[in-house]
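These are my notebook entries on one protein model. I looked up strand pairing, cavities, backbone angles and contacts in turn.

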Amino acid sequence: MDGTGLPEVRSTCAYCGVGCGVLLRPDGAGGLAVQGDPDHPANYGRLCSKGMALGETVGLDHRLLAPRAFGKDVPWDAALQLVADRFSTAIKTHGPDSVAFYVSGQLLTEDYYVANKLMKGFIGSANIDTNSRLCMASTVAGHKRAFGADTVPGTYEDLDQADLVVLVGSNLAWCHPVLYQRVLAARQSRGTRIVVIDPRRTATCDQADLHLALKPGSDVALFNRLLSKIAQGGHTDPQFLQHTVGFDTAVSAAQQDEPSATGLNQAGIEAFCNLWLVTERVVTVFSQGVNQSASGTDKVNAILNCHLATGRIGRPGMGPFSVTGQPNAMGGREVGGLANMLACHLDIENADHRAEVKSFWNAPRMPDKPGLKAVDMFRAVGEGRIKALWIIHTNPAVTMPDANKVREAIAACPFTVVSDVTAQTDTARLAHVLLPATGWAEKSGTVTNSDRTISRQRAVLPAPGHARADWEILAEVGQRMGWATAFDYPSAAAVFREHAALSGIAADFGKDFDISGLALMDDDAYAEFKPTRWPVADNKSRDRFFHDGQFFHSDGKARFVSVKNKSPIAKTSQLYPYVLNTGRIRDQWHTMTRSGLSARLSTHLPEPFLDVNPDDAQTLGLSPADLVEVTSATGKGIYRLRITGSTQPGHVFAPIHWTGENAPSARVDALIPGITDPVSGQPESKATAVSVSRYKAAWFGFAVSVTPISLALEYRATARTENGFRTELAGRDSHDDWEATAREWFGLPNATVISATDPARNAHRIVLSEGSRILAALFVSQRPEALMRDYLASLPDVSPQQFLSGRAPAEAADTGPIVCACFNVGMKTILSAINSQNLMSVDDIGAVVQAGTNCGSCRPELADLLNRNVSKTNPANLQCNEA
């Protein structure tokens with residue numbers, strides 16, 4: 001069945017906080033066709049490479065299909081009763097604060113709401129926190145300090161209407177490509193200027209009018225300089241300042257900061273300040289480079305101070321804008337999914353708020369203080385204070401700082417439950433009970449994106465096996481713990497209606513979050529619900545906040561927060577002389593439990609890497625393609641070296657995505673200490689003191705195989721391919737018989753083997769086949785082999801003898817490494833087009849081979865290929881920028 005007769009369903013992308021609309025059409029055989037929704041206000045039909053590949057991630061090979069307790073499949077009744085009993089026993093014996101939930105921005109709002117209600121209103125503890133603590137908790141704290149509520153003032157339309165967009169700690173081109181394309185479209189239509197503030201030169205810098213490569217962590221000093229210039233030059237909005245408190249004190253503090261702390265030259269600082277000052281329509285977009293810091297909240301408030309001082313907030317084309325990392329991080333904030341929040345932006349330490357929520361829920365108890373935030377929660381688990389832990393749709397054994405200790409803590413917890421779509425994660429392997437949850441394409445509910453737009457996520461595929469919706473699982477555990485009526489929900493729509501009704505109480509307290517106009521929505525209206533930006537009272541929505549000077553502090557005024565630049569937490573030393581920064585890459589997501597299933601997404605950067613400045617590489621005696629060992633006070637890792645000028649001398653960068661499942665020695669958060677922002681509790685992920693040295697391997701290997709290999713080697717990095725898997729290997733051990741080793745590693749004792757050996761280089765090539773079909777191959781030598789890796793990874797239909805050569809036949813098409821994941825266009829295809837058709841712009845490339853014409857996140861790489869080609873062929877050495 002090809003699915004052409006099946007209906008197309010509107011839903012929402014499962015990745016970042018942009019919240020793109022998607023059109024989904026099942027193929028009738030478990031697969032899914034995906035395209036962008038042209039009517040959704042977040043993306044108007046555009047999708048990034050990850051969104052376009054969603055249909056490649058819905059297979060069942062990796063899925064958890066039945067509840068599992070202590071290693072054995074069990075019925076749902078037994079699993080749920082076990083969870084309810086063990087949590088009830090822990091609470092009765094040790095008190096409500098002896099249990100904890102750690103949840104995720106992957107949950108739908110309805111799931112989040114039930115989890116928060118169960119923990120805070122019925123268990124009676126605030127020990128529920130979310131992996132959003134690692135992403136945007138500092139923004140929440142900064143918003144609350146300045147505005148009196150966690151309010152996002154503006155909308156995506158402000159990007160379309162701005163004359164200046166400042167991107168702070170945001171690689172928008174890779175991490176939020178659809179929004180980046182909106183910025184570039186504004187540039188094309190109205191001449192919008194772009195400033196990037198980032199220690200690294202990222203893909204986003206390609207189109208920047210100004211890139212300020214400031215010292216990591218020095219954002220406060222830069223924005224304090226801007227605030228000082230605003231005050232000194234008379235650029236304030238005196239009328240708007242009447243709606244604020246603390247301006248003079250904040251300016252006085254700002255003037256004490258030295259701009260030199262940024263490491264920028266005076267000309268660059270003044271150019272930025274002057275551009276900001278003379279451009280009224282300015283949007284300051286900030287993301288993880290601001291949030292993931294031990295002073296992240298202060299960084300947020302330094303930015304907000306500048307917008308408050310000028311009144312550039314809540315009006316078209318102007319305002320501060322936090323872009324979130326997860327599809328429903330905002331929904332989690334709305335329901336109170338953080339340990340220091342109550343529900344609907346109400347305050348857990350406010351007695352009146354607690355009383356109203358307790359009454360609304362008819363709850364037996366309510367905590368009167370914040371619970372354990374993520375880092376503290378897992379410390380408490382390690383110290384034995386948490387007796388029962390429920391982890392839902394997240395992978396803290398990889399993603400938490402000091403990840404080795406967190407993994408040990410989870411393993412030692414007396415009772416751990418994990419709800420997820422797969423048992424194949426570092427965290428799931430530590431659980432006593434595994435509960436199979438429905439996945440993205442099987443779930444029904446709502447999500448809220450970065451600009452407060454609530455969208456429906458709709459189920460288009462049936463739940464596989466015994467998988468169930470998360471809100472159902474949580475509600476039934478609540479019922480089995482003795483609260484049958486409170487958790488007797490007939491549908492996700494019923495949960496949403498209750499959530500909407502509770503928001504009306506928050507509005508009565510003068511809070512911002514109000515969707516009470518949706519509280520009477522029936523099931524049919526819920527099913528047809530269209531994207532709507534909150535607040536929604538009496539079925540009327542509102543676009544922007546604060547243009548009228550009305551804020552959510554008790555006096556209705558905003559607060560300037562006096563902040564001073566703090567020295568970086570990464571104290572380099574002779575032992576640890578470099579500063580490690582971490583972040584995302586273009587085509588992967590979190591710990592790759594979804595994106596890693598797509599062969600297309602795995603081709604761009606298939607191996608964990610460390611970016612090192614050329615000067616540092618020379619000092620360390622490193623060469624391209626070396627493996628390097630990175631060591632910090634908390635752990636160590638091994639990464640492939642990339643020598644690049646994108647990082648400053650003394651600083652290195654590694655991506656966050658690899659896990660014990662695919663690259664056990666590259667779990668980057670094992671290197672990161674659990675140092676947190678004192679206000680938000682968000683951990684510092686951008687500045688860790690480390691040492692870097694060459695990994696002295698006895699041998700290096702490259703393997704391809706039909707099935708994955710899982711080996712306890714010092715270095716192994718596996719990625720999915722169209723026909724199997726590719727793996728980079730290295731070790732310090734010795735092997736006398738590589739043919740026998742290959743048979744053992746691939747689990748192919750009876751395969752036909754053809755091999756070749758070069759004793760001078762101690763190089764070995766082994767191909768294992770069955771008839772004419774190649775099942776696996778291993779290439780080993782004392783140095784990394786120069787092979788046509790992307791060609792070999794495709795497991796082409798050639799003879800074992802040809803495969804053994806490590807090269808494609810002369811007549812075979814070798815497209816090279818993938819550059820454009822949206823259309824699967826390789827580097828050699830692009831270079832061939834440039835040379836054969838004399839292409840001179842990125843748009844020319846797109847017109848010929850499609851690369852760069854969808855999400856645009858590969859356009860900086862296309863420009864780089866063009867520049868390198870032009871520099872070889874054009875005597876004027878013309879510089880080609882992305883068009």
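Entry 1: I looked up the pairing of strand E25 (residues 627-631) and found it joined to E26 by five bridges, with the two strands antiparallel. Strands are DSSP runs of E with at least two residues, helices are runs of H or I with at least four residues, and both are numbered from the N terminus. Two strands count as paired if DSSP finds at least two bridges between them. Thr631 stands opposite Lys636 in E26, and a hairpin of four residues leads from E25 to E26. Strand E26 (residues 636-643) is also joined to strand E24 (residues 609-612), here by four bridges and in the parallel sense. In that pairing, Val612 has Ile643 of E26 as its bridge partner.

**Entry 2: basis and confidence.** I noted that the model is predicted, that local features need pLDDT of at least 70 and side-chain atom pairs pLDDT 80 or more, while totals for chains, interfaces and linings use all residues. Residues are numbered from 1 along each chain as its sequence is written, and side-chain values use heavy atoms, with hydrogens and water left out. The pLDDT is the predictor's confidence in each residue, on a scale from 0 to 100. For this protein its mean is 94, and 98% of the residues reach 70 or more. Residues 873-883 stay under 50, and for them the model has 21 contacts beyond four places in sequence. A contact means heavy atoms within 4.5 Å.

**Entry 3: the sheet E17-E18-E19.** I then turned to an open sheet of three strands, in the order E17-E18-E19 with antiparallel pairing. Its edge strands are E17 (445-448) and E19 (532-533), each of which pairs on one side only. Four bridges connect E17 with strand E18 (residues 453-457), and the partner of Thr448 in E18 is Ile454.

The bond between Trp534 and Pro535 is cis, with omega about 10°. Pro535 lies in the loop between E19 and strand E20 (536-537).

Entry 4: How many of the five residues of strand E9 are buried? I found four of the five buried in E9 (residues 193-197), so described as mostly covered; buried means under 20% relative accessible area, exposed over 50%, and partly exposed in between, with a 1.4 Å probe and protein chains only. E9 pairs in the parallel sense with strand E8 (residues 164-168) over five bridges, where Leu164 stands opposite Arg193. With strand E10 (residues 210-212), E9 again pairs in the parallel sense, over three bridges, and Val196 stands opposite His211.

**Entry 5: helix H27.** I listed the buried residues of H27 (residues 842-849) as Val842, Ile845, Gly846 and Val849. Seen down the helix axis they fall within an arc of 100°, so they line one face of H27. The arc is taken from the directions from the helix axis to the C-beta atoms. Just after H27, Gln850 takes a positive phi of about 75°.

**Entry 6: two further positive phi values.** Cys344, which is not a glycine, has a positive phi of about 55°. Cys344 sits in the loop between helix H14 (329-335) and helix H15 (351-361) and counts as buried at 0% relative accessibility. Leu795 has a positive phi near 45°, lies in the loop between helix H24 (789-793) and helix H25 (800-804), and counts as buried at 14% relative accessibility.

**Entry 7: Met377.** What does Met377 touch, beyond residues up to four places away in sequence? I found contacts to Ala100, Phe101, Tyr102, Asn127, Ile128, Asp129, Leu372, Ile386 and Leu389. Met377 is in helix H16 (residues 374-382) and is buried at 0% relative accessibility. Its C-alpha atom is separated by 8.3 Å from that of Asp129, 248 residues apart along the chain.

**Entry 8: cavities.** My search of the whole structure returned five cavities of 30 Å³ or more. A cavity is a set of points on a 1 Å grid over the protein atoms alone where a 1.4 Å probe fits but cannot get out, and lining residues have an atom within 4 Å of a point. Grid points are joined across faces, edges and corners, and the volume is the space filled by probe spheres set on the points. The largest cavity holds about 80 Å³. Among the residues that line it are Cys13, Cys16, Cys20, Cys48 and His176.

Technical notes. On a 1 Å grid over the protein atoms alone, a cavity is a set of points where a 1.4 Å probe fits but cannot get out, and a pocket is an open set with protein on both sides within 12 Å along at least five of seven lines; lining residues have an atom within 4 Å of a point.
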